[in-house]
Amino acid sequence: MTDQAKPVVGVIMGSSSDWDVMKNAVDVLKQFGVPFEAQVISAHRMPDEMFTYAETARSRGLRAIIAGAGGAAHLPGMVAAKTIVPVLGVPVPSKYLRGEDSLLSIVQMPKGVPVSTFAIGEAGAANAALTAVAILAATDELLAEKLQAFRLEQTAAAQAMTLPV
Ligand code: RP5
């Protein structure tokens, strides 16, 4: 999956079974009009493709990589090992440990090679994309205005909340 313009954000995941979670990141990128690419890159089943993806990410124009994986979720960390493009890790819920294993696998990077790690599941995927938008907004004033407007919408929605008392 590739947006028409040259992608600036890469969304990768270890399996097509991660898509239901990771599509939440793609939805946010679409909402903000950020050109992206999305594909399956499995760390343990496609290690050579994983390294090529990471090694070429920066020269291909990617400015952030959102990497989702479940279980022994080594994809974000291994991608981060091969690129200086910021890697935003999304723990995908796993069958037996509900993604707590994924979270700990992704977040516990040794000092020196960071992976910015988000919440387990849909919220994490969406927030990873919002962070990618914020990274791009540092040098894109139009995107910054869109992000500010998005925040103000949430403020207004919270202010309009009522309780059944
Ligand atoms: C990881 O293993 C993937 O990220 C996925 O979350 C998990 C299960 O993969 P499948 O067996 O569904 O392909 O590599």
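Me: What does Asp20 count as, with its 13 C-beta neighbours inside 10 Å?

Reply: Bear in mind that this is a predicted model: local features need pLDDT of at least 70, side-chain atom pairs count only at pLDDT 80 or more, and totals for chains, interfaces and linings use all residues. Numbering starts from 1 along each chain, as its sequence is written. A residue is buried if 20 or more other C-beta atoms lie within 10 Å of its own, exposed if 12 or fewer, and partly exposed in between, with C-beta atoms placed from the backbone. Asp20 sits in helix H1, and because it has 13 C-beta neighbours inside 10 Å, it counts as partly exposed.

Me: In what order do the elements of the protein run from the N terminus on?

Reply: Elements here are DSSP runs, numbered from the N terminus: helices (H or I) need at least four residues and strands (E) at least two. The protein comes to 6 helices and 5 strands. From the N terminus on, the order is β-α-β-α-β-α-β-α-β-α-α.

Me: What radius of gyration does the protein have, next to what a compact globule of 165 residues would have?

Reply: The radius is taken over C-alpha atoms, and the globule rule is 2.2 Å times the number of residues to the power 0.38. The C-alpha trace spans about 55 × 40 × 30 Å along its principal axes. For 165 residues, a compact globule would come out near 15 Å, and that agrees with the protein's value of 16 Å.

Me: What share of the contacts with a separation of 6 or more is between residues 24 or more positions apart?

Reply: Two residues are in contact if their C-beta atoms, placed from the backbone, lie within 7 Å. As for burial, 42% of the 165 residues are buried. Among contacts with a separation of 6 or more, the share from residues 24 or more positions apart is 69%.

Me: How are H5 and H6 set relative to each other?

Reply: Two packed helices are described by the angle between their axes and the distance between the axes. Axes are lines fitted to C-alpha atoms, for helices over the stretch in contact, and angles run from 0 to 180 degrees between N-to-C directions. For H5 (residues 122-137) and H6 (residues 141-159), the axes come within 8 Å and cross at roughly 140°. Angles under 35 degrees count as roughly parallel, over 145 as roughly antiparallel, 65 to 115 as roughly perpendicular and the rest as oblique, so H5 and H6 are oblique.

Me: Which residues is Val133 in contact with, leaving aside its neighbours within four places in sequence?

Reply: Val133, in helix H5, is buried because 23 other C-beta atoms lie within 10 Å. Beyond the sequence neighbours, the partners of Val133 are Phe32, Val34, Leu143 and Leu147.

Me: How is H1 oriented relative to H5?

Reply: The axes of H1 (residues 19-31) and H5 come within 7 Å and cross at roughly 30°. That angle makes the pair roughly parallel.

Me: Which residues does Ile120 touch, not counting those up to four places away in sequence?

Reply: Ile120 lies in the loop between strand S5 (116-117) and H5. It has 22 C-beta neighbours inside 10 Å and therefore counts as buried. The residues touching Ile120 are Pro91, Pro93, Gly99, Ser102 and Leu103.

Me: Is Gly14 buried or exposed?

Reply: Gly14 is in the loop between strand S1 (9-13) and H1. It touches Ser42, Ala43, Ala69, Gly70 and Leu75, residues up to four places away in sequence not counted. With 27 other C-beta atoms within 10 Å, Gly14 is buried.

Me: What is phi of Arg98 near?

Reply: Arg98 is in the loop between strand S4 (87-92) and helix H4 (100-107). It is partly exposed, with 13 other C-beta atoms within 10 Å. Its phi is positive in a residue other than glycine, near 55°.
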